[in-house]
Structure formats: structure tokens, C-alpha cells
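Hello,

Here is the structure I promised to pass on.

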Amino acid sequence: MAALLRVDCVSKSFGGVAANVDVSFEVAAGEILGLIGPNGAGKTSLFNAIAGEVTPDRGEIRLVGERISGLGPVTCAERGIGRTFQVVRSFDSMTVLENVMVGAYARHRRTAPAMKAAMETLDFCGLASRADRPAYNLSPPEKRRLEVARALATKPRLLLLDEMLTGLTPTEAQSGVQLIRDVQAQGVTIIMVEHVMEIVLPLVSRAVVLNLGRVLTIGSPEEIVRNPDVIRAYLGDRYAAA
Amino acid sequence: MTAIILQVVIGGLLMGLIYALVAAGLSLIFGLMDIVNFAHGELMMLAMFAAFVLWQYAGLDPLMMLPVVALLLFGLGVLIYRGLIARALSVSFNRGMVQIFVTFGLAIFIRGAAQFVFGGEFKSINTGWLAGRTAQIGGVYLPLPQVAASLVCLVAFAGLLAISRTEFGRALEATREDRDAVALIGIDRDRIFALGWGLGAATVGVAGVMLAGFYYVAPNVGANFALIAYVTVALGGFGSLLGALVAGVLIGEVEAVTAALLEPSLKQVSVFGIYMVVLMFRPRGLFGKL
Amino acid sequence: MDNRITRRRRRELVVGAVLLVALILLPLPIGDVYTRNLIIISILFAGLAQAWNILGGYCGQISLGHSLYFGIGGYVSTLLFVQAGVPPLIGMFAGGLVGGLVALLVGWPCFRLSGHYYAIATVVVAEIGYLLFLNWDFVGGAMGVYIPFKGDSWLALQFRTQKLPYHYVVLAFAAATWLAAWCIEGSRWGFSWRAVKDDVVAARSLGVRVFPSKMAAAAISGFFTGMGGAIYAQYVGYIDPDSTMSGQLAILIALPAVLGGVGTLWGPFLGAAVLTPLSELSRSYLGGSGRGVDLMIYGLVIVVVALARPAGLLSLFGLRRRAKGAPDGSPA
């Protein structure tokens, strides 16, 4: 498998607090990679670094061999990185279709093809019946779908999902999982950030576990659940939170 | 020569402290709930008229009526919050613009009302303990009403700082930090906001009374001071008391120096120019949180 | 492609055409000068509000300094006419271009600021411009510039007694701003701008270039505002800083858009149709005494409309969006 994304020795600190220290891993084209770890492990910082929202202090990130770190979110989007947000950020003065069209314009200059592409994406995400609704009018799970649709409309090679399944009911999560598998089947590589291991592990081919800003381990779901360090990091976190 | 320089510097300081106090009330309200009160200058104008009326009809000296006017303005501030701002905060669409234009409409209304009641011509308070008096120290002339105004401004600032250390001040701070979380720890957000508006209005009321001691009183007097106040607050950093104080004095000095060296009619141009330059380097003002 | 968006846009075009015809015919049966003047000013402000709406409504940048572009546009065409003999019909495009250019110059520093910092910076920049013009002898300082009358002419936009030609000039201007807004609404730019307004971070993540979007919106908005200023100066035959560059004017330009329905095609026009006559009528019937009743009414209307109809007067008609449910009250 060829590496689509290579994260190389990335470090980032905010106001003296190290969020990421020497993080390195690769993402193979076509896989679903989980990015997990307890609270404060540095998932969000790393996620934002890949999306271009945050510039690493040291190290670099390459997408198909080309350096993308430090180029900003707009360039990252153009190069083929799509993302969703943990706290939903829909364009609330627009309809659902218009929201997705904003993404579609990244690949289409003109309105008619952008609208057509957006409709297809909505259809794919199961939101076609909501196309003309105002975006604020959607239910929370629908809003998450809208975020995926919007990002997909930019025709990404790599899709970053930020806690997309967290807080959903089992039924909702199930349909979310189906959507993620459908996206993967389209040939899109996916990185999912989740706090709760149980949600991600069944879905991913490999997972990167972060703890205190560093890579704790990388491996298949089976390897992850058996790793004593992972168990300790998670249990420790739970005890601390209780 | 030294005397002239001192004269300019002290003149700038005296005016700057007034600017700072006008701005402090604005900054307080902004820091608390992210609202720019575009009627702030009009509140100051009302305080000036209140001072004028009390002086003309009750023969009170501006210094004596400070607490009365401050109290009046406090009540008005609370009233404005309860009647208008609370509603503006509760709209679910277009909130930013609604806030701007509600306070703006209020400003026009107050200006119209003042014109209706008092007429448009300039008035001034020309008798009183300090009216028209100057002291001379080492060749520097100190107009006493302005000196008194500056001292009162400093006292008011000290008062605001003291308030920020009380229980109420901490509640203000907590409300500012996290508007939604405070409800969980038993702080009545609505009440804090109302008190914040009262305090902000009372602050500008104090500034207005002292200003009335040496400045003309007219319905449109607020507009110019308000503009300076917005610049002061943006320059100092929205929500920062210290920022308002430093920026106010800075603006007073820049005005005084420009007027002395260049051209009095350009004094505001240099103030605004400096503001723009500072914003280039510190988009959130000198003391604003980045 | 036939769906709701394209159907709606076609319908808007039809309504626009009908309105245009109605406004072309409107002044014909009206003889008295006062009413004709009122209509002309209202249409002018409709166009200005639409110009403001392009930046403030679609792109969400609340500029309270549009008086700067208005005044500069007016000065450019006036000075070109008075000093160089350039006919205002051409001069108003020059005024627009300079207005757009100045808007870009203002945007360069100001668009780094957000929220209230941006709004106040625009007030300040406009005030700097006002003060400079007030003290600049070449442009007549506080006295301003009188435009000499050189005979009825379309090229010079001068008509001694007639109001009708001006009616068609401002109507063409307002129609142009409307058409610009209509084109923007259906284009990549319009979508980018609205995305910037709603959520900058999300917009960036979808490849929207935020700063260039704001600059483009500012340039177009400044162009039309400058053009409006040029037309206004030619209409009243006189220009000075107080009547064309004051902070008060900046609000008058923004207000119809905000109260009519910000970021909508019809909101600025509706707002101007209600507010401009209201302010002009109350001023001439109640303001003569100098007692401020007109200001009180005007202020009250602003407050009441802003609170009762936060989405603008347009929402009374239930046109487009927000028919039911609160924006943040999504069903659980």
C-alpha cells in the first residue's frame, strides 16, 4: 500500500504546553485510520495540523509526497483534504443544498455543475430529501451528515472526521458507520478521531493511539486492545475523570 | 519652554482621564456581553443635562450632584438593559446587527428627546465652587474644573477596580469568562447583566457630570465623545479596564501634542491614525486578549 | 437543471422586471416636485443600501463607514467636472472606481479585524476621511464645491427644472445594484461570501479564500457606493463633507439593508422604501421646529423593527427562509 499521508516528527505546543511531541505515522491510501486517545492526548491539535488549521512547530506533514504542513486550510482543501468539525459548523443562513454547494465550488467554477455535484453528494449521504431545508433546521445527526456531505463535495482524497459518531444513539451511530463505509468504498481515505475506543475499533483497519501528546502505539484493533499501555492510559484517564 | 511642554502634557492628561472614564463604561458592558453600546455618548449627554438642570433649578454644584446623577444613570442603564438589550440578546437571528442597531436607534431617540425638551442650543454651567477658576503652579495653568474632573475620574477608576474585587466583581468576571456556565453555579446571569449596564451607565454619568463643569451642554455633544470612546476601547482592548485608562490618557496626550505642534483641527486625525497603526500590530488592542 | 433554487432565481428576475417597469411609470402621473424628489431620494438610497448589502449582507462585514466611499465618489466626479470638464455621466464611473479602490485600501488593514473591532475601525477610517476633506483646501474644505450649471444635458446630468431625468438615472443605478446582487447570489462568489459570513473556519476548510472574498465584496460595494455619491452630488449640485461624508450618512446607507432584510435581494429596497420616506416626511412635517420629534420617531422605528423583526421587514412577507422554527431551535 502506498502512503497517502505521512506525518513526520510533528511537534506543536500552545503557550508552553506541549500538545504533540514527535508524532509520526503513515496513512495508506484507501484505509480507515483511527486516531484515538484519552482527553488531552493531542488528537485535536494533530487533527487540525493535518487539516492545515494549525502549523506544527517542528516536523512536517506530506500528502502524496508533497508537503502540506504550514500551507493553511484553504490549500489543504484544494490539495484534497476534507474535514468535519466536532462542534457542528453549518452555514445557517443557507439551505442544506447551498451548504454543500459551497464545498462543490471547490471543484466547479460554475453554478450549474456545482449544484449538480452537490445534489449527487446529498443523495449519497441520504440528505436529498432535506435539500431545500434551512441548515439550522436539521436534527443533530443530520447536521453531522451535512458536514460529511459538504466535505465530500470538495472531492477529497483524505477525509478527516472529528468525533463524528460520539453522542449518537446506537441506531444513529449504526447509520453513521454505514455512511463511513460507503465513503471508503468510493476510494476516499479516512482518518477518524474518536475519544471512545469502542466506537472506532470495529471500523478501522489500524489505529494510532496518542497519550500526553506522544504516539503510544500504532496497530490493528486487535493489537490495540491487547496492549497493556493503552489499557493503562485509558483506565488512568477514567479514574482521573471520575 | 518647560512650562509650555508641561502645559501641553498636563492638558492632555486632564482630558485623557475623562476619555478614559467615558470609555470605561463602554468597555465594561462590552466585556460582559459582547455588545457595543452605540448610545453611550447619549447617556453621557443625558448626565450632562441632568447636571445642568440640577444646577439651574436646584442650584446644586456639579460636585454635589455626582451621586444623584450617578444613581439616575444607574437606573437608566438597568432600564435600558431590561427594556431593550435583554430582548436584543434573545433574538435568534442576525444578533450582531440587531444589537448594533437597537442601541443606535436608542441613541437617535435620546438625542431627539433631548432636543425636544431642551432645544438645540448650547448651554453651560458657569457658576459653582470651581467654575472658571484656575490655579497656577510654576507657570502652568490648571483649570480647576478639569483638575477636579480628572481626580474624580481617578477615584471612579479606583472604585471600578474595587468593585471588580468584590463578590459582584467576581460574578461579573465569571459571567464574562463563560456566559452559560455561570447559570450552573447559581449566578443569575440576567441580574449581572442588568447591574453591569447600570454600572456602565453610572460610570459614564460621572464622566458627564464632571465634563459639564467645563464643557458645553447640547443634544449632540455625545456623538464626538462617543467616537473617541470607541477608539479608546478598541485601542485599549475591549473589556479591559486598564486598557481603557492607558488608551484614554494616550489619546488625550496625542490630541494635545498634535494641537500644539500641528493644527488643532487635525488632532483627531492623528488619534485615529495612531489607532489604525496600533491595530495593525495588535488587532485586539493594547491590552486585549488575543 | 430545474429545482427550487433555479426556479426561485427566475421568479426573482421576473419580479425585478415588473418592479422596474412600475418604477419607470411611477413618476409620470406625479406632478409635484416634492413627491418626485422623495421618490428619487428613496430610490437612490435603495441602490446605496443594496451596495452596502453586497459587503454587509452577503459577506457579513458590518461596515459603518460607507459614507467614505459615497463622499469620495461624489468628490471625484464633481472635481473632474469642475476642474477638468469631464462630463459626470463618465465621471460617475470614475467616482465608482475610486470608491472601489478606496474600499480595497480600507479593507486591507480592516479585514484583519473581526466583529466589533471591524465595525469600529470602519467608523474611524471614515471619520479620518471626513476630517481630512474638511481641512483640505483643494476640495473646498468645509465650504465644499458648487457645481456650476452649464445647461440641460444628459452628459452633464444637469437639468434645471426637470426631476424626471434624475428619476431615471437613480433608477438605472438602483437596478444595476440589484442586478449585481442577483448575479452574486447565484455565483461562486456569492456562495463563498455567505460562507464567510456564517462561519469563517468552516468556509476555509472547504477551500474558500476568506480575505480575497472580503476584498472582492468590498470593491464591488465601494464601486456602487461611490457611483451613488457621484449621482447624488450632481443631483443636488453641491458637495461638502458634512452632507456626503458624515458618520450619520454611513448609518443611513446601512440602515435600510439591515431593517429591510440583510443579505437578501429585496430587503434593502424594502427598507429604503419604508425608511427613506419616513425620515424625509417626518423631517419636513415635524423637524421644522428643530424640536427633535422626527428623530424620536425615527429612532423608535429603528428600535422596534430591529427587535420585532430581527431578520428584517422582508420576513413579514414570508419570502424565502425562516418560515418556521427558530434558527437555533432545531428539533431534537
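Predicted model: local features only at pLDDT ≥ 70, side-chain atom pairs only at ≥ 80, totals over all residues.

Residues are numbered from 1 along each chain as its sequence is written, and chains are lettered from A and ligands numbered from 1 in the order in which they are written.

Let me start with the core. A nonpolar core is a set of buried Ala, Val, Leu, Ile, Met, Phe, Trp, Tyr and Cys residues joined through C-beta atoms within 7 Å; buried means 20 or more other C-beta atoms within 10 Å of a residue's own, with C-beta atoms placed from the backbone. The largest such core has 302 residues, and B:Ile18, B:Leu21, B:Ala47, B:Ala51, B:Cys153 and C:Ile302 touch the most other members. Helix α1(B) gives the most to this core, with 17 residues (helices are DSSP runs of H or I, at least four residues, and strands are runs of E, at least two, numbered from the N terminus).

B:Cys153 is also one of the buried residues of α5(B). The cover over those buried residues includes α1, α3, β2, α8 and α10 of chain B.

Chain A is assigned domain 1 (13-80 + 156-242) and domain 2 (85-155), with bounds from an automatic or database domain assignment. Their centres, taken over C-alpha atoms, are 24 Å apart. Twelve residues of domain 1 are in contact (C-beta atoms within 7 Å) with twelve of domain 2.

Best wishes

Definitions and conventions. Buried ≥ 20, exposed ≤ 12 C-beta atoms within 10 Å, placed from the backbone. Contact = placed C-beta atoms within 7 Å.
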